[in-house]
Amino acid sequence: MAPTDESGQPAPHTPPSGATPPAGPPPPGPPPAGTAGPSARMPRWLPRAMVLALALVAVFQLGSWAFHQLTGLLINILIAFFLALAIEPAVSWMASRGMRRGLATFIVFIGVTIVAAGFVTLLGSMLAGQIIKMVEGFPNYLDSVISWINTHFHTDLRRVDIQEGLLRSDWLRNYVQNSATGVLDVSAQVIGGLFQLLTIGLFSFYFAADGPRLRRALCSVLPPARQAEVLRAWEIAVNKTGGYLYSRGLMALVSGIAHYILLEVLDVPYAPVLAVWVGLVSQFIPTIGTYLAGALPMLIAFTVNPWYALWVLIFVVVYQQFENYVLQPKLTSKTVDIHPAVAFGSVVAGTALLGAVGALIAIPAIATLQAFLGAYVKRYAVTDDPRVHGHRRSGDGPGLFRYVRRLWTRRAGAARPGSGQAGEGSASPEPRPRD
């Protein structure tokens, strides 16, 4: 008989001394406090994910810092690339005649450098001569201004008093000090600009001289189908950029000749340099180039005769209209055929992104993109609908307009004598008796 305890329940079995009972299943419910179950262990992928996330953040920060540090270099490379595309037709033409490509590129660069240096030298000498002339004639201008003030305002001003007041003033001393400090800044900017021009020239030379090698290197990492698309895009970019440059150069030549004739007729000094200035600035600076180009000839003409400045202004405005509506469509229809609104929007967008550089390269870039997309966009025949040509079909006007027109027609028909139809709601006229 099994032993029982005092409550009548069977007594638990006591194992013999030194024996360990077998472990049973854990009781249901949460584990006791102070113990960690299998679910509380860290997943194995979590440390790797944390390390990968930190590495990505570090790479992004490093790339952002490097991009901001190299922004100037990237812009210079972009300018050099478009400049190489612009001289590519001339270099390829010389290379096809048996000349080495590097020598052809060097000859083109030497020609461009000589033309640019000559223009800058002539323009600088003209500006220096005009500044010296204005400085020498400043006392006479000041005397005339003082005489006009004394005559109209009944004052007693003298040039000696004004000069002494200027020499003793504090603002003149501060201006001289700031100018002395600004000379160093201007020198640093000039040195930086020369280094930037050298960088652009070197990259442009390499891009133009090693153009075929660059294309082969780019195509070697692409499948054959992609190679054909890249070469087609490259050819379109060369044609559009070169066409833009040459068409603008031709329009600059025509503009310079026209303004040179006007300035010679008016006997304005430095007419050749001013004509070259007007031609280049008006064509290669978009949107505001015409106004910048016409300001300098007007100023020089004003020193000769104030009426000459007015004649120059009238000629600039008239010639600009002739160029916009007659000359430019004929010269750019086969090279850079883009809508004027698209050209203006591209210039604004390029200026917002890259400043003056973006304004210069915006038009050829948009023309290249438009030509490249036009080769792959499928087009359909346009339906013969009057609305396509900007006309409305009869009965397509607004509801109020149709109602007013119908009401006017009814009233006119009712008021017309001898009308066969009366207005709506009116009685028919009685027949007249026969004699």
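## Helix packing

Angles under 35 degrees count as roughly parallel, over 145 as roughly antiparallel, 65 to 115 as roughly perpendicular and the rest as oblique. Axes are lines fitted to C-alpha atoms, for helices over the stretch in contact, with angles from 0 to 180 degrees between N-to-C directions. Helices (H or I, at least four residues) are DSSP runs numbered from the N terminus. The axes of H2 and H8 cross at roughly 85° and come within 8 Å; the two helices are therefore roughly perpendicular to each other.

In the contact (heavy atoms within 4.5 Å), H2 contributes Phe81, Phe82, Leu85, Ala86, Ile87, Glu88, Pro89 and Ala90, which meet Trp234, Ala237, Val238, Thr241, Gly242, Leu245 and Tyr246 of H8. By class, this contact has 12 nonpolar, 2 polar and 1 charged residues; Ala, Val, Leu, Ile, Met, Phe, Trp, Tyr, Cys and Pro count as nonpolar, Asp, Glu, Lys and Arg as charged, and the others, Gly among them, as polar.

## Basis and confidence

This is a predicted model, in which local features need pLDDT of at least 70 and side-chain atom pairs count only at pLDDT 80 or more, while totals for chains, interfaces and linings use all residues. Residues are numbered from 1 along each chain as its sequence is written, and side-chain values use heavy atoms, leaving out hydrogens and water.

The mean pLDDT (the predictor's confidence in each residue, from 0 to 100) of the protein chain is 75, and 72% of its residues reach 70 or more.

## Largest pocket

On a 1 Å grid over the protein atoms alone, a pocket is an open set of points with protein on both sides within 12 Å along at least five of seven lines, whereas a cavity is a set where a 1.4 Å probe fits but cannot get out; lining residues have an atom within 4 Å of a point. Points are joined across faces, edges and corners, and a volume is the space filled by probe spheres set on them.

The largest pocket has a volume of about 2,200 Å³. Of its 47 lining residues, Leu83, Val112, Ala116, Leu245 and Phe284 are the closest to its centre. H3 supplies the largest share of the lining, 12 residues. The lining comprises 40 nonpolar, 7 polar and no charged residues.

## Second largest cavity

The second largest cavity holds about 60 Å³ of space. H2 gives the most to its lining, with 4 residues.
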